[in-house]
Amino acid sequence: MEESILDLITSFGFSSPEAFIALLVMVLAVIGAIVVVITIRPLLEYYPYTYPNARIRAKIGKILSDKQITELAETENLDEVKNYLRGHRDYAKYIDQYPIEQALDANLAESYDTLAKVAPGTLKPTFDILLDQWDIKNIKSVLVAKEAQLNEEETRELLVPYGVLKDDHDKMIEANTVQELIVALEGTPYAKVLEEALPDYNENKTLLTLESALDNYYYERLLVKSSSQEDENTRMLHSYVGTKIDIATLKIILRAKADGLAYDQIKPYVINRGYKLRDWKVKELMESEDLNSLLSSIESSEYGSVVADHIPEFNETNSIAVFDEALDAYERKMADNIFKKKPFGIGPIVGFINKKETEIKNLKVIARSKRGPVLPSSEIKEMLL
Amino acid sequence: MALVLGSALAAIGAGVAVGFAALGSGIGQGIASSAGVGAVAEDSGMFAQGLVFTAIPETQAIYGFLIAILLLVFSGIMGGSPLGVTSGLVAIGAGAAVGFGGLGSGMGQGIASSASVGAVVEDPDMFAQGLVFTAIPETQAIYGFLIAILLLVFGGILGA
């Protein structure tokens, strides 16, 4: 047997068995390298997500269940809600430090902060921009506080202790006018945004002008920064973020048309660009004569089916809340689909964002319902997402 | 002492066995351990479970290591009678069986382990189910290991 193999090697033209071994080693090395490259390639996409996804899934596990939310809705008063939340480590540290809604926002901001820290490199630009929402929210709170002539302490209670401008809160609170706030924000992009919107504000004295300018700046940057086409994960995050922006635009236009506002009245408050809603489509929606023509126009957009399915319900109730709920449900379903489609990639991150935001929205509904005359729990449950 | 051709081929087999199996095991364990660290960072109570899931993809490297040791001992490299060319080629087959089997199995098990760590940290009741799912990709490594053993026994290497 051995001799026949040696004969075979010699018949192939090898001068010695050692030459055959050398060739065998080389062939094995090449095959090995091909096998390694082919099998490892899919892992390269997955690997950056293993650590963040484990952390995110731990956070998903801490999100309040439907049963817990129902228990909260059935509490007697706001103190009971606070006591309940004190039993949850993530909320406990904020509940006694801030008013309830600010504590909830602080918890949400902390979640975004963690996401921005652990997100894989390709997602970092998007999460860095998402963190800016707390700066925008705080600037808007200071503007509202100044208009309502709240004192420094009351203004401070409105601010969420997160964001890039966290250390500048004192300077912002000390400002007495919009002009002074712009000076306090000097060196940040928001100073320029507010400065550009100042002439309109001086003309109409409506804070919404400044707030819309800030929102437009935030959403436009978010769309641009999230538009990386590096891989499927970044594309999915972009589609989720873009859809959120489109939904926000649709809600604003629906509400405006329900209130009978015309194009010129809506335009300053609508986000200039969308994701699936192109600039011309947003313009067409705003130019709709009334709510019915708006609904027809939406039906011919990417969100047509979302709205169309609920028109009979709207005709019965005559409340645009029907569409708000439908659009929120669409966003939740989209997040859920991404969660299922990319369990080893962006899925848990998008799923967590959506679940956490839903939890905070529900907790705010419950907290508001318990603040004044307490609503029956059945009514509160109807308002929950 | 100069190596004969058969023993040299067995040495290649030993290298393939432990090299590729350890590669798969290492990648799998790296994936599992990074998920474990993430889980422990959020919940320190996850240390034990994280460690269990991280340890599971170690087995492929052990199989490869065992086959490599057997090859070294019975091929004459560490003393004893040297192998013939035929047995040397069988040794390469045995090494490839356990090596490539371990490579795929280790990586697959690492992915399953990290998913299980995520599931358990989200819901501690998932530990048993996670363990079952994580154990399943072990089978490919076992096939490779069994075939390698059979090749060693019936290829005239073990007991030669």
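Is T75(A) buried or exposed, and what is its relative accessible area?

Analyst: Happy to. Please keep in mind that this is a predicted model. T75(A) is buried: its relative accessible area is 9%, and the cut-off for calling a residue buried is under 20%. You will find T75(A) in the loop between helix 4 (66–73) and helix 5 (78–86) of chain A. Setting aside residues up to four places away in sequence, T75(A) touches E80(A), V81(A) and K370(A).

From that loop, let us move on to helix 5. The partner D96(A) sits in the loop between helix 6 (89–95) and helix 7 (100–118) of chain A, 10 residues away from R86(A). R86(A) is partly exposed at 31% relative accessibility, whereas D96(A) is exposed, with 58%.

The side chains of R368(A) and E101(A) meet at 2.9 Å, N to O. R368(A) belongs to helix 21 (residues 347–371) and E101(A) to helix 7 of chain A, so this pair ties together parts that are 267 residues apart in sequence. R368(A) itself is partly exposed, with a relative accessible area of 47%. Over all chains, the structure holds 28 salt bridges.

Now for the place where the chains meet. Here, 30 residues of chain A are in contact with 32 residues of chain B. About 2,700 Å² is buried between chain A and chain B, with carbon and sulfur atoms giving 77% of that area. On the chain A side, L28(A), L43(A) and R57(A) lose the most area to chain B, and together they make up 19% of what that side buries.

There is polar pairing across the interface too: 6 residue pairs are in polar contact by the rule used, both residues having pLDDT 80 or more. The elements of chain A that give two or more residues to the side touching chain B are helix 1 (2–11), helix 2 (17–46) and helix 3 (50–62). Helix 2 of chain A gives the most, with 12 residues. Sorted by type, the residues on that side of chain A are 19 nonpolar, 5 polar and 6 charged.

What about the charged pairs at this interface? The count between chain A and chain B is 4 salt bridges. Side chains of opposite charge can pair when their charged atoms come close. One example is R55(A) with E42(B), at 2.8 Å from N to O. This pair crosses between chains, running from helix 3 of chain A to helix 1 of chain B. R55(A) is buried, and E42(B) is buried as well. E42(B) also meets the side chain of K62(A) in a salt bridge, at 3.7 Å, N to O.

I92(B) is placed in helix 4 of chain B and counts as buried, at 11% relative accessibility. Leaving aside neighbours within four places in sequence, I92(B) is in contact with L24(A) and L28(A) from chain A, and with L9(B), I12(B) and G13(B) from chain B. The L28(A) in that list is one of the residues that lose the most area to chain B. The C-alpha atoms of I92(B) and A17(B) are separated by 8.4 Å, although these residues are 75 apart along the chain.

Elsewhere in chain B, look at helix 2 (residues 47–55), whose buried residues are G50(B), F53(B) and T54(B). They lie on the same side of this helix because they cover an arc of only 100° around its axis. These buried residues pack against helix 1 (5–42), helix 4 (85–122) and helix 5 (127–135) of chain B.

Finally, a step back to view chain B as a whole. Chain B has 6 helices and 0 strands, and its C-alpha trace spans about 55 × 25 × 20 Å along the principal axes. Of its 160 residues, 51% count as buried. Among contacts in chain B with a separation of 6 or more, 88% come from residues 24 or more positions apart.

Terms used: Residues numbered from 1 in each chain as written. Chains lettered and ligands numbered in written order. Predicted model: local features only at pLDDT ≥ 70, side-chain atom pairs only at ≥ 80, totals over all residues. Heavy atoms only, no water. Contact = heavy atoms within 4.5 Å. Buried area = accessible area lost by both parts, 1.4 Å probe. Polar contact = N/O pair within 3.5 Å; in protein donor to acceptor, adjacent residues only side chain to side chain. Helix = DSSP H or I, 4+ residues; strand = E, 2+ residues; numbered from the N terminus. Nonpolar A, V, L, I, M, F, W, Y, C, P; charged D, E, K, R; others polar. Buried < 20%, exposed > 50% of the residue type's maximum accessible area, 1.4 Å probe, protein only. Arc of directions from axis to C-beta.
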